[in-house]
Amino acid sequence: SPHMFTSSVLDVALGLVVVFILLSSVCTAIREGLESVLKTRAAYLERGIRELLNDREGAGTARAFFEHPIINGLFQDAYVQRGRAWMPWLFAYGGKMPSYIPARDFAVTVIDLAARGPDRDKPVASTQPITLDSLRRSVGKMQDPSLQRVLLSALDSAERDVRDVQRYLEAWFDGSMERVSGWYKRSTQAIIFGIAALVVCTLNVDAIALADSLYHDQAVRGAAVAAAAQLKPDGDDSQVALRLLNGLHLPIGWRAPPADHEAWLLKILGLLLTTFGATLGAPFWFDMLNKVTMIRGSLKPNDRPSMPMSDLPQTAAVASTQLLAAGSSELPALAPASLRASANDANPPETDSCALNSETITPDEALPPATGGTH
């Protein structure tokens, strides 16, 4: 029937979602492990600051920035340029460079470099507070035209004091960091795609073969639905899903190579579908799991047998009659009056005309006079 077909398709979808949650969790865990070793985020941040300060070689303003005491206190190693500046890379090594720099620290450091110079080993010429006028005079002597223009724009927009310049530089830094975050996200997606392709091809997780097995095996579908109900987005997704999948008996793993070219094409397509699915991430598939579960719940028939409304009064009357026949003089008070009336109609109580008692007695004076008699 169409209902059974729809229910089977939704069960197949739930089974595939369970597999995608597992693979996505595994790929994300591998990516996080690589990040903890390589510190790629720190390398992207260092590259972004080099481009922001117009020092792509890391030999001028960028080096002075990272060697400034405010920034140098955020990491333990000496400043080393990380990777190439002309292209985004996947597995850049960040070393002990900072993975995060507060916008306030960036702005204060740039203002200090502009006002007091980049040489940290040389004592400052003046210990007076930095003002808008003193900062403008210092900016006019800078050798970096790009950073000079930025600071002059910040000074022109300042209304009260140097704190206005600081807020301008903080906004400039935050906007640049959004671009750096975009670099990192794109590289992360590329890395997860590569990890997913490696895992999927090694384990032979073919989405087409999985869907075929789920559709034709009712026991596997039932186990997949039960496994989907136990997954929680805030739990250890990979371990829970792996334990549940072990009992599903899905066709995962290499047993025999495809027999012909057509089978190879289907195999490659199925592996690609699984790879793309694993790249989407576990949060996406948990959201999809909730949607499929809601649709399935709305289409699932009620497990209790339903009774036509037309049979309800008759059935209730029969039940009531059986209760009265068993010795109950009346139905419980909770029963509707209409049902009690129906029961009474179905089995009226027997009466004895000779045993009728009347509370109203007619006096002799009200009786009509007797006529006739015995002659």
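Are Phe66 and Phe75 buried or exposed? Phe66 and Phe75 are both buried, where buried stands for under 20% relative accessible area, exposed for over 50% and partly exposed for the range in between, with a 1.4 Å probe and protein chains only. This is a predicted model, in which local features need pLDDT of at least 70 and side-chain atom pairs count only at pLDDT 80 or more, while totals for chains, interfaces and linings use all residues. Residues are numbered from 1 along each chain as its sequence is written, and side-chain values use heavy atoms, with hydrogens and water left out.

**The chain overall**

- The chain holds 15 helices and 0 strands; these are DSSP runs numbered from the N terminus, with helices being H or I of at least four residues and strands E of at least two.
- Buried residues make up 37% of the 375 in the chain.
- Among contacts with a separation of 6 or more, 74% come from residues 24 or more positions apart, a contact being heavy atoms within 4.5 Å.

**Aromatic pairs**

- The model has 10 aromatic pairs, counted when ring centres of Phe, Tyr and Trp (its six-membered ring) lie within 6.5 Å; planes under 30 degrees apart are stacked, over 60 edge-to-face and the rest tilted.
- One of them is the tilted pair of Phe20 and Trp285, with 4.6 Å centre to centre and 35° between the planes.
- This pair links distant parts of the chain, as Phe20 belongs to helix 1 (residues 2–38) and Trp285 to helix 13 (residues 282–299), 265 residues apart.
- Phe20 is buried at 9% relative accessible area, and Trp285 is buried at 11%.
- Phe66 and Phe75 make an edge-to-face pair, with 6.5 Å between centres and 70° between planes.
- Phe66 and Phe75 also belong to a cluster linked by ring pairs, together with Phe65, Tyr79, Phe106, Trp172 and Phe173.

**Charges over rings**

- Arg47 places its charged end over the ring of Trp183, 3.8 Å from the ring centre; the rule asks for NZ of Lys or CZ of Arg within 6 Å of the centre and within 35 degrees of the ring normal.
- Lys267 lies over the face of Trp254, 5.6 Å from the ring centre.

- On helix 13, the buried residues are Ala282, Trp285, Phe286, Leu289 and Val292.
- These residues lie on the same side of helix 13 because they cover an arc of only 125° around the axis, taken from the directions from the helix axis to the C-beta atoms.
- Pro283, Met294 and Ser298 are exposed on the face turned away from the buried side of helix 13.
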